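Take a walk through this structure, one element at a time. Keep the sequence and the coordinates side by side.

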Amino acid sequence: MPVVRIPTPLRPQAGGLDKIEAAGSTVGEVLADLGRQHPAIRERLFDGAEIRRFVNVYVNNEDVRFLDDLDTPVGEKDEVAIIPAVAGG
Amino acid sequence: MTGLKCRLCGKLYGKDEALNFCTDDFGPLEVAYDYDAVARVFSRQTVAARPRTMWRYRELLPVDGEPTVGVHVGCTPLIRADRLAKALGVAELYLKNDAVNHPSLSFKDRVVAVALSKAVEMGFQTVGCASTGNLAGSVAANAAAAGLDAYVLIPEGLEQGKVLGATIYGAKVVAVRGNYDHVNRLCSQIAFRYGWGFVNVNLRPFYAEGSKSMGYEIAEDLGWRAPDHVVAPMAGGSLIGKLHKAFHELDRLGMLEAPVRTRMFGAQAAGCNPISNTVKTGARKVKPVRDPDTIAKSLAIGDPADGWFASQLIQETGGWSEDVSDDAIIDGMRLLAETEGIWAETAGGVTLAVAKKLIEEGRIDRDGSTVLCITGNGLKTQEALLERIPQPVVIKPSLEEFEALVEQGDEVFDHARLATA
C-alpha cells in the first residue's frame with residue numbers, strides 16, 4: 001500500500017505518526033483515504049475539493065503539479081509526501 | 001514583536017515558535033508587532049542617534065534582546081546613479097548597493113542576522129539553510145562568528161565563488177543532486193526531523209523580516225521618503241514584499257514626509273520566471289518552473305514560496321514584472337559596471353536589464369524616482385562573464401608596443417574579446 005509522509009508539525013493531528021499507509025491508485029484517492037483515517041488532516045490539506053494553496057504534494061521525488069495533480073497515478077510501493085510550501089527563498 | 005500570525009486565517013502563535021506555517025491551513029506565518037507600543041519609543045530621532053547598521057531599526061525587527069549575530073550588517077550605500085540614469089533615460093535613479101553588505105557581500109546578511117540572533121535567543125546550537133548561493137555564504141560566515149554549527153544545502157553545480165564562500169567558514173556544505181526546489185523540500189524535512197534552526201524553514205518568519213531593513217534604509221537615505229518605483233530581483237519573492245512593508249510601517253509610525261505611493265516592480269530571468277509569468281498572464285496560481293535554466297543561479301527558484309504574494313503586491317501597487325535573457329543579464333551587469341563602477345552578480349544584471357525594459361515599455365515613469373536593489377556581488381559569479389567580456393591585451397614591457405597599441409584605437413580591446421568568444 002502507498003505510504004504518506006506527514007510533516008512533523010502535523011503529526012499530532014495524525015495520531016503522532018510520521019508515515020501512514022493509505023489505499024488508492026491516484027494521489028486524490030490516497031489522500032482521501034488518509035482523510036478518512038485522520039479527518040483532522042483532511043481539513044488542513046483541503047479547501048473543499050482543492051488542495052490548499054500552500055500545500056505541496058510529491059509522489060516519490062516529483063511535484064504532482066508537474067504530473068497530473070490529484071489524478072497522478074500512485075503505485076503500491078510509492079511514497080506520497082506532504083510538504084509545506086512556505087519555505088526557502 | 002508580539003508573536004506570529006497566519007497570513008491566511010490570522011491564527012496566533014507564540015513569539016518563540018520555530019515554525020514557518022500555520023498548522024491549520026499551511027498558510028505562511030508572519031511576525032506581528034504592536035505598532036502603537038513601537039510608536040511610543042521609536043522615531044526618526046531614535047534612529048539618528050544609533051550606529052549605521054540595520055539594527056538602528058531594531059524595534060521593527062523580531063529580536064527581543066540585544067542582537068548577537070550580524071551586529072555590523074546593513075546601512076549599505078544608497079547611490080545617486082546619474083550616469084546610469086542618463087543611459088536609461090530617467091531623471092532620478094538610485095542604487096541600493098547590498099553587493100558590499102557585511103560580512104558576506106549580499107543582502108542575505110540582513111535576513112541571517114535576524115534569523116541567527118533569534119536562533120541564539122531560542123537556544124539552537126545547530127543552524128542551516130537551503131540556498132542558491134548567497135544565503136549559503138551568509139549563514140556559514142555568521143554562524144562561524146557566532147560559534148554555531150551550520151549545515152548548508154545547495155544545488156549541485158553552483159558557482160565556485162558561492163561554494164568556496166561557504167566552505168571557507170567551516171560549514172558542513174552539502175550539494176544535492178537536483179535543483180534548488182529539491183534542496184528546499186529536503187530542508188523542510190530535515191529542519192523538523194532534527195530540530196535544528198533552518199533560517200529559511202522553521203525560522204523563516206523571523207528571517208524574512210530582516211529584508212525590511214533594506215526598505216527602512218532606502219527611505220531614510222531618501223530623506224524619509226518612499227521612492228516612486230522600486231525594482232527588486234525575485235527568487236522566492238519575499239524581498240519585494242518586505243521592502244514595501246517597510247515603507248508602510250514607517251508611514252504608519254508617522255516617520256515619512258509623504259504617504260507611500262511606491263509602485264513595486266519585480267525582476268526575473270527568462271529561464272526561471274514563475275512570478276513574472278503570473279503577473280503578465282494574470283494567472284490565479286503561480287505555475288512553478290520545473291527545470292530553471294539561467295545564469296542568474298541565485299534567482300533560480302522554480303517554486304517560489306512567496307510568489308503568489310509578490311505577484312499580488314505588484315498588481316496592487318500598479319507595478320509590473322518582466323524577465324530577461326542571459327545575454328540581457330550580461331549586458332545589464334556590464335552597463336552597471338561601466339556607468340557606476342559597481343560589479344554586481346548576475347541577479348544585479350537581471351534587475352538592471354528588467355528596469356531598462358520597463359522604462360522602454362513605459363511602465364516606469366521617466367520623471368519619477370526609481371531605486372534599483374542590487375543584492376549580490378559580481379566576484380561570486382565570475383563564471384557567467386568569463387567567456388563574454390574582453391580579455392586583457394598582452395604586450396611586451398616596451399614603450400613602443402604600448403604606443404602601437406594606443407595607435408590602433410579602442411577597438412583592439414573589443415577584438416580581444418571577440419578572439420576568445
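In which sense do strand 10 and strand 13 of chain B pair, and over how many bridges? Strand 10 (residues 229-233) of chain B pairs with strand 13 of chain B in the parallel sense, over 3 bridges. Two strands pair if DSSP finds at least two bridges between them. Helices (H or I, at least four residues) and strands (E, at least two) are DSSP runs, numbered from the N terminus.

This is a predicted model, in which local features need pLDDT of at least 70, side-chain atom pairs count only at pLDDT 80 or more, and totals for chains, interfaces and linings use all residues. Residues are numbered from 1 along each chain as its sequence is written, while chains are lettered from A and ligands numbered from 1 in the order in which they are written.

Stay with strand 13 of chain B. Val231(B) stands opposite Leu372(B) in that strand. Strand 5 (residues 92-97) of chain B also pairs with strand 13 of chain B in the parallel sense, over 6 bridges. There, Glu92(B) stands opposite Ser369(B). Strand 13 (residues 369-374) of chain B is mostly covered, with 5 of its 6 residues buried (20 or more other C-beta atoms within 10 Å of a residue's own, C-beta atoms being placed from the backbone).

Next comes an open sheet in chain B. Its 4 strands follow the order 8-7-6-9, and the pairing is parallel. Strand 8 (172-176) and strand 9 (197-198) of chain B stand at the edges, each with a single partner strand, so one side of each has no neighbour in the sheet. Strand 7 (residues 149-155) of chain B is joined to strand 8 of chain B by 5 bridges. Lys172(B) in strand 8 is the bridge partner of Tyr151(B). Helix 7 of chain B packs on this sheet and touches strand 6 (126-130), strand 7, strand 8 and strand 9 of chain B. Contact between two residues requires C-beta atoms, placed from the backbone, within 7 Å.

In all, 30 residues of chain B are in contact with 19 residues of chain A. Helix 7 (residues 180-194) of chain B gives the most to the side of chain B that touches chain A, with 6 residues.

Finally, look at a helix pair. Ala136(B), Gly137(B) and Ala140(B) in helix 5 of chain B meet Lys162(B), Gly165(B) and Ala166(B) in helix 6 of chain B.

Terms used:
Axes fitted to C-alpha atoms, helices over the stretch in contact; angles between N-to-C directions. Buried ≥ 20, exposed ≤ 12 C-beta atoms within 10 Å, placed from the backbone.
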